[in-house]
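Me: I have a structure here that I'd like to walk through with you. Could we take it one question at a time?

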Amino acid sequence: MHDETDGPRLSRRAVLGLGGGLAAAGVVAGLGVGRATATAPGPAVASTGTGTYPFTGVHQAGIVTPAQDRLYLAAFDLTTTSRDELVELLRRWTTIAARLTQGLSAGPFGPASGPYDAPPDDTGEAADLPPAGLTITFGLGRSMFVGTPGPDGTPGEDRFGLADRLPDGLVALPHFAADDLDPARSDGDLVVQACADDPQVAVHAIRNLSRAAFGSATIRWTQLGYGRTSSTSTAQRTPRNLFGFKDGTANVKAEETDALDEHVWVPASAGWLAGGSYLVARRIRMRIETWDRTSLREQENLVGRTKGEGAPLSGGTEFTEPDFTAQGRGGAPLIAVDSHVRLAHPSSHDGARMLRRGYNFTDGNDALGRLDAGLFFVAFVRDPRTHYIPVQAALSRDDVLMEYLTHTGSGLFAVPPGVPDGSLVTGADGTPVTTADSPFVGQQLFA
Ligand SMILES: C=CC1=C(C)c2cc3[nH]c(cc4nc(cc5[nH]c(cc1n2)c(C)c5CCC(=O)O)C(CCC(=O)O)=C4C)c(C)c3C=C
Ligand SMILES: [Fe+2]
């Protein structure tokens with residue numbers, strides 16, 4: 001497992017061989033390019049102290065890799081209508097992501113070594129920071145394929161000739177009861193999820209990707225998150241959400257490879273998206289001031305688990321399966337029929353599970369002094385039609401916890417598979433570069 005206790009960390013400068021020499025080599029990036037094998041990121045190298053996760057692989061990183069402590073997620077709108085420019089953007093983004101996640105600068109020169117009369121090819125604020133386990137995960141929104149329908153229901157525009165490649169699961173999410181969605185915090189043509197154990201590293205990643213998108217795409221909305229609200233590995237302790245409850249106990253974990261195939265990865269039959277997933281994002285504001293005036297008994301009944309250990313109210317310890325048939329004195333179920341865990345449990349949804357990877361957020365306060373805080377819910381599923389929409393519909397309709405929640409933002413994105421190991425193109429300095437045929441996330445879509 002990657003964590004803060006991993007041995008000595010290398011800063012970007014150290015990884016780069018202290019800038020100068022490698023930056024000089026970067027001048028000739030593009031010369032002598034080759035397919036990266038030796039330089040392709042190897043297995044997770046937490047043990048060597050660099051704190052990096054491989055960028056390449058069958059699946060994109062940032063899904064089953066252990067959830068880091070911080071999130072910066074940005075949704076983008078494309079400003080270009082050129083398919084070639086879209087491909088170029090994805091190529092540039094892929095190279096930058098491959099570099100940043102391995103502790104390199106965004107471009108081959110770095111923040112302080114490029115031509116003196118040009119803006120640096122990296123903004124610099126992460127120059128002396130370790131890679132902090134950065135992962136960057138790309139997703140594609142429905143509007144990229146079919147545009148945005150008009151208010152009168154007129155169909156959107158197929159700007160890139162991709163309408164017939166729309167994945168079946170990339171549906172327009174229905175309106176759920178108690179949704180109060182802000183369009184300025186919802187949807188988008190593209191999404192980039194940057195997760196790291198240092199917020200500055202995650203912000204640096206999005207900033208440099210946004211910079212590289214200049215002229216092709218602009219940021220539509222962003223969300224900062226802290227204090228992951230899920231574990232994605234059995235080696236991680238279960239964190240707590242802002243209601244103070246352990247969150248992520250029953251999550252799908254990286255070690256459950258059969259469950260990942262069944263519930264998270266898009267199957268081979270799904271064409272270009274095979275090996276990918278779908279990312280659901282929901283910005284959920286929590287009425288924490290009201291919650292804090294609620295008795296412990298009521299809080300536990302709303303959730304269906306104990307607040308201290310996170311054990312189901314039917315008994316046992318944190319990882320004991322809830323027993324929904326268990327009754328207390330008087331015959332009432334120990335886990336209420338309208339409790340959160342009962343309504344979200346796979347047994348209520350034909351066995352459907354999801355890989356949750358959410359974060360807490362606090363975005364200031366409202367005019368009444370109440371915190372604008374909550375849970376930025378992120379989940380990866382194999383098909384939102386079976387693995388998310390029915391669950392959300394049941395929760396929005398019947399979950400007593402909803403009395404304390406308002407969904408204020410929403411997004412659904414198709415997450416392409418990973419860039420294959422050994423396929424990155426490297427420059428003379430051995431680091432990834434963008435060329436006319438360098439690989440990119442989502443390449444299968446354009447094949
Ligand atoms: C549509 C999916 C879900 C949303 C939205 C959601 C929001 C949400 N959840 C909590 C707190 C907890 N959730 C817990 C379990 C849990 N939640 C979902 C789904 C959504 N939650 C699932 C599928 C599960 C697992 C159910 C199971 O298999 O037992 C828990 C219990 C601990 C755990 O297993 O993680 C808590 C606590 C909040 C506060 C919230 C919105 C703000
Ligand atoms: Fe939940």
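Predicted model: local features only at pLDDT ≥ 70, side-chain atom pairs only at ≥ 80, totals over all residues.

Me: Where on helix 11 do its buried residues fall, seen down the axis?

Reply: The residues in question are I389, V391, Q392 and L395. Seen down the axis of helix 11, they fall within an arc of 160 degrees, so they line one face of the helix.

Me: Which elements give two or more residues to the shell around ligand 1?

Reply: Ligand 1 is surrounded by 28 residues, and the closest are F245, T249, A250, A344 and L375. The shell divides into 15 nonpolar, 9 polar and 4 charged residues. The elements that give two or more residues to it are strand 7 (277-286), helix 9, strand 10 (371-381) and helix 11.

Me: Is helix 5 largely enclosed by the rest of the structure or largely open?

Reply: Helix 5 covers residues 199-212, and the buried ones are V201, A202, V203, H204, A205, I206, R207, N208, L209 and A212. What covers these buried residues includes strand 3 (70-78), helix 3, strand 4 (135-141), strand 5 (190-196) and strand 6 (217-228). Because 10 of the 14 residues of helix 5 are buried, the helix is largely enclosed.

Me: How many Å does helix 5 reach from its first C-alpha to its last?

Reply: Helix 5 has 14 residues, and at 1.5 Å a residue the expected value is 20 Å. The model comes close to that, with a reach of 20 Å.

Me: Why does A97 count as buried?

Reply: A97 is found in helix 3, residues 83-101. Leaving aside neighbours within four places in sequence, A97 is in contact with F55 and I136. A residue is buried if 20 or more other C-beta atoms lie within 10 Å of its own. A97 passes that cut-off because its C-beta neighbours inside 10 Å number 30.

Me: And how many Å separate the C-alpha atoms of A97 and G57?

Reply: Along the chain, A97 and G57 are 40 residues apart. In the model, their C-alpha atoms are separated by 13 Å.

Me: Which feature does UniProt place at residues 60-226?

Reply: Over residues 60-226 the chain is 23% helix and 20% strand, with end C-alpha atoms 21 Å apart. The UniProt entry, which is unreviewed, gives this stretch as "domain: Dyp-type peroxidase N-terminal".

How values were computed. Residues numbered from 1 in each chain as written. Chains lettered and ligands numbered in written order. UniProt positions renumbered as here; feature names shortened; annotations may be inferred. Helix = DSSP H or I, 4+ residues; strand = E, 2+ residues; numbered from the N terminus. Buried ≥ 20, exposed ≤ 12 C-beta atoms within 10 Å, placed from the backbone. Arc of directions from axis to C-beta. Contact = placed C-beta atoms within 7 Å. Expected span 1.5 Å × (residues − 1). Near = placed C-beta within 6 Å. Nonpolar A, V, L, I, M, F, W, Y, C, P; charged D, E, K, R; others polar.
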